[in-house]
Amino acid sequence: MSDMYEPKPEHKFTFGLWTVGNIGRDPFGEPVRHPLSPVEIVHLLADVGAYGVNFHDNDLIPIDATPADRDRILREFKAALQETGLVVPMATTNLFADPVFKDGAFTSNDPKVRAYALQKTMRAIDLGVECGAKVYVFWGGREGVESDAAKDPQEGLKRYREVINFLCAYVKDQGYDLKFALEPKPNEPRGDIYLATVGHALAFINTLDHPDMVGLNPEVAHETMAGLNFLHGVAQAWDAGKLFHIDLNDQVIGRYDQDFRFGAVNLKAAFFLVRFLENVGYQGSRHFDAHAYRTEDYEGVKTFARGCMRTYLILKEKARRFDGDAEIQALLAEITADDGTMAPFQGGYSRDKADALKAHPFDRVALGRRGLAYERLDQLTNELLLGVR
Ligand code: GCO
Ligand code: MN
Ligand code: MN
């Protein structure tokens with residue numbers, strides 16, 4: 001397939017080793033696909049046109065690998081990167097799979113577990129940096145509780161903060177060129193996870209020792225699981241200068257954590273998201289944190305991966321058309337029209353301005369009577385997305 005929607009490295013599409021490498025195990029069923037080695041995954045991703053590959057430490061190096069295993073695996077992985085031209089823009093730590101993390105890692109009640117998690121993360125940061133990562137993700141999958149009887153949430157946050165502060169200092173001390181991106185999620189695998197949403201994480205960042213080093217990795221599915229508008233979270237992260245990375249996938253509100261192909265559920269939300277990212281000039285990776293349906297074999301996995309990227313590029317083209325559509329733009333101009341008469345009241349505060357505004361007569365009834373034509377605008381959006389304009 002070679003057309004204008006063909007993914008190219010310049011599009012910065014990335015996948016995790018754990019995404020296309022997902023073997024389709026779920027709480028009810030055994031794997032449906034055989035595991036691929038990291039080298040095989042790199043080749044699969046190169047084949048479908050991705051730009052990069054991201055990993056958890058243990059996606060690449062098994063948790064119980066010997067130093068010799070580690071060296072061999074790393075050598076082979078780097079050779080595959082070299083051969084395919086794929087890069088590693090992001091890395092992260094698996095702080096959720098091993099039983100040691102059943103009560104969390106940085107927020108575990110056990111100080112030995114917390115110290116072990118910190119050790120594991122420093123080693124994983126070294127590994128990520130060695131492979132070229134510039135962004136390091138913190139997804140607190142097990143940082144939370146099933147019962148608040150077990151852990152004080154304020155204590156949990158205090159422990160989290162102490163570790164992130166420690167790790168920021170570690171990165172500085174090592175002279176690494178690395179930024180941290182917190183990935184909020186409300187629940188799953190814990191009953192409740194700390195730093196549940198983009199908003200929680202943004203507020204937390206301001207309490208850190210080095211807030212400049214720490215941003216966000218928002219995920220479509222996670223904000224959707226919380227019943228929130230993902231675009232609004234992304235826009236707020238961007239506005240705060242904190243959109244360091246993004247996890248694209250799809251999710252139906254109210255369901256289990258689905259990790260569907262980007263655009264598989266809510267195309268319109270995906271459209272406004274892509275339009276936002278493209279229009280503000282987001283320069284980071286477009287990372288797909290999703291996996292193929294459990295019904296698929298590896299051909300289906302490739303179709304899944306191509307589908308994520310293709311949908312993104314199609315929506316990017318739709319965004320271009322939306323912004324160039326005369327009727328839509330005329331409507332938008334009408335909606336946001338400004339006759340300039342309010343200019344004296346706009347901008348910063350002055351006492352004169354406040355006095356003048358308090359005295360200004362408004363025709364409230366006339367203002368409230370005006371129809372806004374959002375129905376027409378939304379229908380035009382739908383028609384554009386449905387391909388009839
Ligand atoms: C999930 C998360 C993870 C993280 C990954 C990278 O719901 O399981 O989205 O896939 O993104 O651990 O930090
Ligand atoms: Mn997720
Ligand atoms: Mn994710």
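In this predicted model, L357, F362 and L367 together make a nonpolar surface patch of about 300 Å². One of these residues, L367, belongs to helix α14, which covers residues 364–369. L367 has a relative accessible area of 59% and is therefore exposed, since exposed residues are those over 50%.

From this patch the reader can turn to the metal ions. The manganese ion (ligand 2) is held by E219, through OE, and by H222, through NE2, at 2.1 to 2.2 Å. Are E219 and H222 buried or exposed? With a relative accessibility of 1%, E219 counts as buried, and H222, at 2% relative accessibility, counts as buried too, because the cut-off for a buried residue is under 20%.

In the side chain of E219, an N or O atom is 2.7 Å from an oxygen atom of ligand 1, while for H222 an N or O atom of the side chain is 3.0 Å from an oxygen atom of ligand 1. E183 has a polar side-chain atom that lies 2.7 Å from an oxygen atom of ligand 1. Taken alone, ligand 1 would expose 330 Å², and the protein buries 92% of that area.

Terms used:
Residues are numbered from 1 along each chain as its sequence is written. Chains are lettered from A and ligands numbered from 1 in the order in which they are written. This is a predicted model: local features need pLDDT of at least 70, side-chain atom pairs count only at pLDDT 80 or more; totals for chains, interfaces and linings use all residues. Side-chain values use heavy atoms; hydrogens and water are left out. Patches are made of residues with over 30% relative accessible area and no salt bridge: like charges are joined within 9 Å, nonpolar side chains (Val, Leu, Ile, Met, Phe, Trp, Tyr) within 5 Å. Accessible areas come from the Shrake-Rupley method with a 1.4 Å probe; for residues, only the protein chains shown count as cover. A salt bridge is a side-chain nitrogen of Lys or Arg within 4 Å of a carboxyl oxygen of Asp or Glu. Helices (H or I, at least four residues) and strands (E, at least two) are DSSP runs, numbered from the N terminus. Buried means under 20% relative accessible area, exposed over 50%, partly exposed in between (1.4 Å probe, protein chains only). Donors are N, O and S atoms within 2.8 Å of the metal (3.2 Å for Na, K and Ca); water is not among the atoms, so sites may look incomplete. A polar contact is a pair of N or O atoms within 3.5 Å; within protein, one must be able to donate a hydrogen and the other to accept it, and residues adjacent in sequence count only if both atoms are side-chain atoms.
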